[in-house]
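Hello,

Here is the structure I said I would pass on.

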Amino acid sequence: MTPELSVEINLEAGDWPQTFQPLAETVLGAALENSGFATDGPCEISVLLTDNRSQQALNREWRGKDKPTNVLSFPALEDDDPIEGLLGDISLAYETLVAEADDLEKPFEHHFAHLLVHGMLHVLGYDHETEDEALAMEARETDIMGLLGYPDPYDGQVLLND
């Protein structure tokens with residue numbers, strides 16, 4: 001059964017494509033459904049689409065890193081909480097995503113979708129602090145992206161700078 005997911009998007013800054021809302025809903029729904037976690041009720045996720053300046057301020061305030069980054073995740077649940085209600089927040093920086101997609105010679109949509117999946121998995125408790133965690137998270141991301149019809153987001157390269 002597909003979990004019920006409400007996606008709230010706040011477009012703060014950046015030249016985001018007009019198709020971001022339905023794409024984000026599809027991608028985040030697939031990430032939740034294929035995360036390996038069972039939901040206990042309706043869920044909600046909040047997404048902030050912003051620019052490098054605002055993302056840098058968030059990264060500085062919450063992580064002590066004074067630089068923009070592609071994606072930030074802010075889980076609202078504790079480790080043993082049921083997967084329901086407000087799951088958390090994801091913030092994406094437009095200029096960073098564009099630059100990374102260009103550097104990787106990937107369509108912006110593919111990179112945007114990948115970072116939404118990555119952000120959702122962080123919200124749900126995945127991490128990549130150790131090599132084993134990174135391999136498990138990357139494998140889950142690759143599987144979800146494949147289910148959505150996208151190629152392997154890593155192609156032998158790690159690009160996430162969170």
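This is a predicted model: local features need pLDDT of at least 70, side-chain atom pairs count only at pLDDT 80 or more; totals for chains, interfaces and linings use all residues.

Aromatic pairs first. The structure holds seven of them. A pair of aromatic rings is described by the distance of the centres and the angle of the planes.

One of the pairs is W62 with F74. Their ring centres are 5.9 Å apart. The planes meet at 70°, over the 60° cut-off, so the pair counts as edge-to-face. W62 sits in helix 2 (residues 52-63), and F74 sits in strand 3 (residues 71-75). W62 is exposed, with a relative accessible area of 55%.

Y94 and F108 make another aromatic pair. Here the centres are 5.7 Å apart and the planes are at 55°, which is tilted. Y94 belongs to helix 3 (residues 94-104) and F108 to helix 4 (residues 108-123). The pair therefore ties together parts 14 residues apart in sequence. Y94 is buried, at 18% relative accessibility. Y94 and F108 also belong to one aromatic cluster with W16 and F112.

Now helix 1, residues 20-33. With 14 residues at 1.5 Å each, helix 1 should span 20 Å. Its end C-alpha atoms are 20 Å apart, which agrees. Buried residues in helix 1 include F20, L23, V27 and L28. What do the buried residues of helix 1 pack against? They pack against strand 1 (5-11), strand 2 (39-50), strand 4 (83-93), helix 4 and helix 5 (131-147).

Best wishes

Notes
Residues are numbered from 1 along each chain as its sequence is written. Side-chain values use heavy atoms; hydrogens and water are left out. Rings of Phe, Tyr and Trp (its six-membered ring) pair if their centres lie within 6.5 Å; planes under 30 degrees apart count as stacked, over 60 as edge-to-face and the rest as tilted. Helices (H or I, at least four residues) and strands (E, at least two) are DSSP runs, numbered from the N terminus. Buried means under 20% relative accessible area, exposed over 50%, partly exposed in between (1.4 Å probe, protein chains only). The expected span of a helix is 1.5 Å times one less than its number of residues. Contact means heavy atoms within 4.5 Å.
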